[in-house]
Amino acid sequence: MSETSAWILRALFVAVLATLPFLVNGYWLNMAILALIYSLVVYSITVLTGFTGLLSFGQAGFVGLGGYTYGVLSVKGVDPAAAAAWGLLVPTVAGFLLGLPAARLRGHYLAIGTLGFGVLVGQMLNNMVDVTRGPMGLLGIKSFGFDRVTWFYFVLALAVGLCAALEYLDRRTFLGVVLKSVKYDEISASASGIGVFAVKLLAFSASAFLAGSCGVLLAAYMRFLTPDLFISAESFRYLMMSVVGGVGSASGAIISSLILTAVPEALRAFGETNVRLLVYGLMVLFVLWFLPGGIGGLIDRLMTPVRRRITPRPRVAEPAPQPTSLPGRAS
Amino acid sequence: MSIPMLQLRGVSKRFGGIQALQNIDLVGQAGEVHGLIGPNGAGKSTLIGCITGVNRIDGGEIRLRGDRIEQLPVHRRARLGVARTFQKIRLAQQLTVFENVAAGLCAKRFATASGWRGVLAPLSSRAIAEPVEDALVATGIADLADEKVASLPYGKRHFVELARNLVAEPDVILLDEPATGLTDDEREHLSMLVRQMAERGTLVILVEHDLNLVGRLCDTVTVIEYGRRIFNGTPAEAQDDEAVVRAYLGSAKLAKEAQA
């Protein structure tokens with residue numbers, strides 16, 4: 001697939017999504033909006049795990065912090081824009097603070113550490129009844145005053161724009177190389193002058209920011225929150241979306257969050273039995289069997305890699321190695 | 001005499017009960033090719049680790065251009081101009097040659113506090129593409145720029161690592177057995193690169209088992225055995241030094257002499 005046809009496909013994908021409000025009923029439009037909001041938390045995993053190689057089992061914690069910060073402030077009468085700003089700031093700071101110890105952990109230890117954070121936030125939201133109303137749920141959250149179709153286009157623009165930005169960051173910028181160098185080999189990264197710890201802190205903060213933005217949007221869109229929206233099982237659901245999409249591929253992330261949100265709903269045709277979950281689980285397994293790189297891996301395989309042609313510039317034109325003509329400094 | 005580029009004084013390193021390095025002195029001048037040789041397990045790679053910061057030393061001092069660096073972490077020393085290759089090549093296998101070499105630019109770009117400002121620069125921008133392409137041309141791997149490192153033969157990976165170092169224009173470059181697994185042609189190309197680096201004023205520290213190569217390239221050699229420095233001088237002197245011959249050139253040579 002050439003670069004041109006890839007652009008046509010991208011445009012087609014966005015165009016099809018943009019016509020959804022005319023094609024589907026309110027129920028499915030609602031699902032599409034939620035899926036696009038959830039794509040933001042999948043992006044947060046793209047940045048953290050996909051680009052930088054840090055595994056987090058606690059992303060739902062950041063989503064919860066963002067959602068409840070917005071929700072609680074909004075209920076207290078804070079202007080939605082200000083509440084949203086706080087809803088982005090609080091999880092970002094939490095991500096930075098979690099990063100301070102977590103960036104020193106690796107592998108399983110990092111996974112368990114972040115899981116602990118997720119559980120902590122979940123429990124906190126449940127038990128701080130005075131602030132969050134706990135299991136009774138937070139009611140009366142104010143929104144941005146959008147109707148449903150506006151919401152759809154708003155989150156669509158956000159999700160597609162972020163997807164493009166992340167793909168660009170990943171493939172085209174120096175920062176992408178810096179992040180991936182840390183992911184693939186920390187020792188050679190630091191020998192090349194990369195401050196591995198600082199990069200990990202940045203990744204944690206950026207990831208928490210993205211997850212927090214997902215929370216803010218969820219709260220503003222649904223206008224009702226309960227702590228069980230942010231339990232650890234949710235973290236694993238996001239992780240599954242990320243894996244099916246291909247960890248590290250933002251394009252895969254948005255497609256996978258759309259599919260993995262739509263399919264369980266479509267499977268309700270089976271009735272409210274567990275058959276639905278069985279089919280869903282099998283489907284995910286099949287994706288992983290046949291597409292180990294996820295949807296993003298498939299996209300990469302279809303793309304023809306760009307080849308650059310490097311011609312030596314005049315001022316660096318160095319002679320080709322001519323072994324025989326070298327003066328030996330015989331000892 | 002001017003301040004040496006790199007100066008080690010009394011460097012010691014202990015791993016648990018093993019004294020890996022004891023009281024090592026080493027002086028390297030800008031533009032010098034300095035061989036570091038010794039039998040397997042003598043402590044050569046440990047010493048490289050001490051200079052680059054992977055290993056924290058237990059005693060002594062390391063000075064770069066007169067400033068002590070032994071307390072600095074690895075990435076800070078890299079930013080001050082200390083580059084290295086690894087005995088067991090360390091590259092991002094899943095990234096392309098171009099990306100691996102571009103990562104080498106970090107040492108230069110992050111050397112100043114404002115370095116973070118340029119991180120969003122596209123890889124195709126001149127500030128990045130030009131030095132990377134120059135390094136690829138110099139190391140003879142320009143045609144492999146968009147190959148993944150994982151798909152390259154072993155010898156070529158050495159040159160990717162070299163390009164990654166060269167692109168940062170380091171003041172000190174530590175090559176840990178760079179000729180291992182190279183063909184004769186590649187070995188010659190490596191020799192040429194080492195000479196060019198030295199001509200540009202870089203201090204090259206070469207850890208190598210190929211004594212022929214060491215003899216041809218190095219101005220000075222330091223020989224270590226069991227973590228102690230047993231010799232420092234020119235390669236020619238080293239060949240005549242009894243301790244060196246016994247320790248490193250091995251029993252084979254002594255046996256041959258005994259036969260003669």
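Predicted model: local features only at pLDDT ≥ 70, side-chain atom pairs only at ≥ 80, totals over all residues.
Chain B contains an open sheet of six strands, arranged in the order β6-β7-β8-β3-β9-β10 with mixed pairing. The edge positions are taken by β6 (82–84) and β10 (228–233) of chain B; each has a single partner strand, so one side of each is left without a neighbour in the sheet. From one strand to the next, the twist averages 20 degrees.

Within this sheet, strand β3 of chain B (residues 33–37) lies between β8 and β9 in the strand order. Four bridges connect β3(B) to β8 (residues 203–207) of chain B, and the two strands run parallel. In this pairing, B:L36 is positioned opposite B:V207 of β8(B). Four bridges likewise join β3(B) to β9 (residues 220–225) of chain B, again in parallel. Here B:G35 has B:V221 of β9(B) as its bridge partner.

The burial of β3(B) was examined residue by residue. Five of its five residues are buried. In a regular strand, side chains alternate between the two faces of the sheet.

In chain A, helix α3 comprises 26 residues (26–51). At 1.5 Å a residue the helix should span 38 Å, and its end C-alpha atoms are 36 Å apart, which agrees with that expectation. Helix α3(A) is mostly covered, with 23 of its 26 residues buried. The helix is followed by A:G53, which has a positive phi, near 80 degrees.

Chain A also carries a nonpolar patch on the surface, formed by A:M1, A:L9, A:L12, A:V16, A:L298 and A:L302. Together these residues have about 510 Å² of accessible area. Two helices of chain A, α1 (3–18) and α15 (294–302), each supply at least two residues of the patch. The most is given by α1(A), with three residues. An α-helix has 3.6 residues a turn, so residues three or four places apart point the same way.

Terms used:
Residues numbered from 1 in each chain as written. Chains lettered and ligands numbered in written order. Heavy atoms only, no water. Pairing = 2+ DSSP bridges. Axes fitted to C-alpha atoms, helices over the stretch in contact; angles between N-to-C directions. Patch = residues over 30% accessible without salt bridge, like charges linked within 9 Å, V, L, I, M, F, W, Y side chains within 5 Å. Areas by Shrake-Rupley, 256 points an atom, 1.4 Å probe, with all protein chains shown as cover. Salt bridge = Lys/Arg side-chain N within 4 Å of Asp/Glu carboxyl O. Expected span 1.5 Å × (residues − 1). Buried < 20%, exposed > 50% of the residue type's maximum accessible area, 1.4 Å probe, protein only.
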